[in-house]
Amino acid sequence: MKRALLSVFMLGGLLGGCVTANVDEMTFDAPVAGMADGSIVVLGRRHAPDYDTEPDFIDCIGNHISRGSESISVIPERQFVDALYPWFEPRTAPLSIESVGRLMMLPSVANKLEDLDLNYMIWIDGRTQDTNSSGSMTCGVGPTGAGCFGFGTWGTESEYEATIWNFDDGAEVGKMSALTSGQSYMPAVVVPIPIIAPVQDTACDSLGTQLLQYLSAGS
Amino acid sequence: MVGRLLDSMTLGRKAQRLLTLITLLVLAACTSREVIVEGSFPTPLVDPVPVSVGVLFTQEFKEHELVDDATGRGEVSWRVSTGTAQVEFWSTLFPAFFQNVVFIESYEDLQTYDVDAVLIPKVADVQYAIPLYTNVKVYEIWMRYNLALVEPEQIIDEENASISLENMQPFAEWPLTAYGKTPTAFMQSDIDAVNLAAVMALRDAGANFITSFLRVPGVMDWIKNPEEAQ
């Protein structure tokens, strides 16, 4: 039994080494100048009918930027959206920087945004989804115990685009994207061992690093 | 059937009862889901409308729930109680949206407080969709409300010293729709996802109310002159 488990873990380790993630990065506007001190907010787009940009991905991007630069203060998404409720709900969220101008005509909103001392607003649109899957697995329960046998594999793809709005200039200043994909495996000899490709994490690292470079340029 | 199956096994009486209970609980858990909607609701960031409003939550509104019994094999019954969350949400929103708000609980409240109008929200319909039925990886909730603004005198029943909504004639009456969705997530249960979708729907209802209220026919005239417009 011990030998079988050891074999499964070794197989898992080998296949784990095979897991790959492809990254495709694009920056449409080259960074002009970064920010020395100030605050930003990273928000997810949630108005598409069949998907939402995942809140944990937004948190991941925010944490990546916070870790990378001590001078940049990242306002948590939930805190920002609650503080400005109902103006950043899926129904009301501005789709362009010009719409923010109209929103600023409301004195309460203008005052709140001034209090937050916001320099950049970053919108993230996209999702992570499973693509193809194959393989089969059988599990059973008997008087002596339970177990599974088989092999499954599936692909995962992440596609995210970030749009940067500069609040000081009132302009959209950059767009960047990350496209990652990978293959996950699950062999099962008695115990299923999932070997998950870190597709979304890689997309987060990629997009987070690009945003960090942009925001830190020149500082 | 469960009892007959257990009789065929050599178990003590107490063990049989316990096993029956566990089996029935497991079966019940497989076929029904109950959600009592809970969430935290922010105070809206708005410049208050300069009117004094009484808000009347009917018993039906306070206890609203969506019940969907399973009709086919493999389906699951759902009971989604939104009443408590509705009251909590609108009790946060209205006092921020109107300059002065009084929550009307009784006939005496209507006699005591001088309000420009009474706002009566009603949940007309709530529907839901889960990935099991739609094959789309989102949980969705739709809500439809009917809102009415009425003169306080319209709902006072002097004879019985009570509130009566039977013959009221609102000076403004309008429908309000709301939609909330949440994507499927790793380790998230159906119940948590439906709760989150309901919270999003409530937030959307508030956003819709705030952005559309001044466009409701009759409302603008009433705000300009609360005493006469009715």
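A disulfide here is a pair of cysteine sulfur atoms within 2.5 Å. Cys139(A) and Cys148(A) are joined by one, with an S to S distance of 2.1 Å. Keep in mind that this is a predicted model. Over all chains, the structure holds 2 disulfides.

**How the cysteines pair up**
- Count the bonded cysteines along chain A, and the disulfides follow the pattern 1-4, 2-3.

**Cys139(A) with Cys148(A)**
- This disulfide is right-handed, because the torsion about the S-S bond of Cys139(A) and Cys148(A) is about 105°.
- Buried means under 20% relative accessible area, and exposed means over 50%.
- Cys139(A) has a relative accessible area of 52%, so Cys139(A) is exposed.
- Cys148(A) has a relative accessible area of 13%, so Cys148(A) is buried.

**Cys60(A) with Cys204(A)**
- The sulfur atoms of Cys60(A) and Cys204(A) sit 1.9 Å apart, and the two residues form a disulfide.
- That link ties together distant parts of the chain: Cys60(A) belongs to helix H2 (residues 55-68) of chain A, while Cys204(A) belongs to helix H6 (residues 199-216) of chain A, and the two are 144 residues apart.
- As for handedness, the link of Cys60(A) and Cys204(A) is left-handed, with -100° about the S-S bond.
- Cys60(A) counts as partly exposed because its relative accessibility is 22%.

Conventions:
Residues are numbered from 1 along each chain as its sequence is written. Chains are lettered from A and ligands numbered from 1 in the order in which they are written. This is a predicted model: local features need pLDDT of at least 70, side-chain atom pairs count only at pLDDT 80 or more; totals for chains, interfaces and linings use all residues. Side-chain values use heavy atoms; hydrogens and water are left out. Helices (H or I, at least four residues) and strands (E, at least two) are DSSP runs, numbered from the N terminus. Buried means under 20% relative accessible area, exposed over 50%, partly exposed in between (1.4 Å probe, protein chains only).
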